[in-house]
Amino acid sequence: MEFKHVTVLRREMISAILTDKNGVYADCTLGGAGHLSLLSEKVENGALLIGIDQDLDALKAAELRMKDCTCNLNFVHSNFSNIKNILSEKNLNQINGFIFDLGVSSYQLDEANRGFSYMHEGRLDMRMNQNSELTAHDVVNKYSEEKIAFIIKEYGEERWAKRIAEFIVDYRKNKIIETTGELVSIIKAAIPLGARKNGPHPAKRTFQAIRIEVNNELGIIESTINDCVDCLVSGGRIGIITFHSLEDRIVKRTFKNLAKQCICPPEFPLCVCNHQRKIKLLGNGIRPTDEEIAENPRARSAILRVAEKI
């Protein structure tokens with residue numbers, strides 16, 4: 001299957017991130033190189049662009065898309081949580097900008113065999129890095145009922161989490177849950193008909209929750225942001241696109257903490273922490289235009305937040 005992904009907030013991201021046309025930039029969620037390819041058109045030949053992705057299919061597609069790029073390119077198969085090691089291996093201490101487009105790509109959703117989608121029949125997988133050990137199959141077939149309920153409630157914000165977990169565990173007593181279709185049927189059976197009439201697909205929140213668990217998506221955001229800020233030059237920028245409230249809350253909180261001048265407890269009459277803020281926030285978040293949403297409905301929930309190293 002051809003790697004297809006419509007990049008969200010493409011021009012807005014590059015406009016916000018590009019500060020030095022001869023600088024060094026890292027796209028930490030490369031995908032099909034939607035952002036990086038546009039950036040390559042804006043920089044000089046001396047610039048260095050680094051594309052990082054844990055999905056080998058994405059890296060192959062990006063290399064093909066950018067085969068005619070005239071600036072310096074470097075592709076890395078890794079998770080963005082390893083950013084300090086990745087840059088260190090390239091003898092880079094500080095760079096000019098970081099790009100993050102969090103979540104799942106259109107290709108991953110549409111490729112049935114990757115097991116991300118509740119709309120396509122496929123084996124339960126959901127690994128962004130195909131070399132990772134933990135799969136969605138493991139989560140639904142091996143996790144305890146309590147742990148499954150917690151994940152669906154915490155990561156999917158699903159009101160029927162406990163009931164869905166009960167139905168999953170009851171089903172697997174007789175048969176291993178092998179496919180996305182089986183899991184969708186279980187979820188539909190667990191959620192009362194009246195609750196399924198309105199709103200998103202009944203399996204959307206549960207699939208999101210399992211995907212986040214499989215890829216530890218939320219657990220690495222805060223530490224990675226801190227690492228990236230450490231690796232920015234003064235005046236360098238980091239841009240992060242999120243697609244759901246859980247991600248966005250973590251990004252907002254982390255940016256806010258890094259932008260604080262004082263971290264003393266509020267009851268202290270005077271500042272004694274000697275803390276220095278590391279970044280300044282640029283705006284309150286950029287959202288897609290109505291035109292972009294009309295062309296790509298998946299962009300509806302996207303928001304871009306940008307911060308600059310002080």
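Contact is defined here as heavy atoms within 4.5 Å. The structure is a predicted model, in which local features need pLDDT of at least 70 and side-chain atom pairs count only at pLDDT 80 or more, while totals for chains, interfaces and linings use all residues. Residues are numbered from 1 along each chain as its sequence is written, and side-chain values use heavy atoms, with hydrogens and water left out.

The surroundings of T29 were examined by this criterion. Helices (H or I, at least four residues) and strands (E, at least two) are DSSP runs numbered from the N terminus, and T29 lies in the loop between β1 (24–27) and α2 (34–42). When residues up to four places away in sequence are not counted, T29 touches I52, D53, F80, I99, F100 and D101. A polar atom of the T29 side chain lies 2.6 Å from the backbone nitrogen of D101; a polar contact is a pair of N or O atoms within 3.5 Å, where within protein one must be able to donate a hydrogen and the other to accept it, and residues adjacent in sequence count only if both atoms are side-chain atoms. Relative accessible area was classed as buried (under 20%), exposed (over 50%) or partly exposed (in between), with a 1.4 Å probe and protein chains only. T29 has a relative accessible area of 16% and is therefore buried. The C-alpha atoms of T29 and R205, which are 176 residues apart along the chain, are separated by 22 Å.

Side chains of opposite charge can pair when their charged atoms come close. A search of the whole structure for salt bridges (a side-chain nitrogen of Lys or Arg within 4 Å of a carboxyl oxygen of Asp or Glu) finds 16. One of them joins the side chains of R123 and D125, at 2.9 Å from N to O; R123 is partly exposed at 46%, whereas D125 is buried at 3%. The side chains of K175 and E182 form another salt bridge, at 2.7 Å from N to O. In this pair, K175 is partly exposed, with 38% relative accessibility, and E182 is buried, with 14%.

The salt bridge between the side chains of E222 and R253 has an N to O distance of 3.3 Å. This pair links distant parts of the chain, with E222 in helix α12 (residues 221–230) and R253 in helix α13 (residues 245–258), 31 residues apart. E222 is partly exposed at 35%, and R253 is partly exposed at 41%.

Two packed helices are described by the angle between their axes and the distance between the axes. Axes are lines fitted to C-alpha atoms, for helices over the stretch in contact, and angles run from 0 to 180 degrees between N-to-C directions. The axes of helix α8 (residues 161–172) and helix α9 (residues 180–190) come within 9 Å and cross at roughly 130°. The helices α8 and α9 are therefore oblique to each other. On the α8 side, the contact is made by R163, I164, F167, I168 and Y171, and on the α9 side by E182, L183, I186, I187, A189 and A190.

For helix α1 (residues 10–17) and α2, the axes come within 9 Å and cross at roughly 50°, an arrangement that is likewise oblique. Angles under 35 degrees count as roughly parallel, over 145 as roughly antiparallel, 65 to 115 as roughly perpendicular and the rest as oblique. R10, R11, M13 and I14 of α1 meet G34, H35, S37, L38, L39 and K42 of α2.
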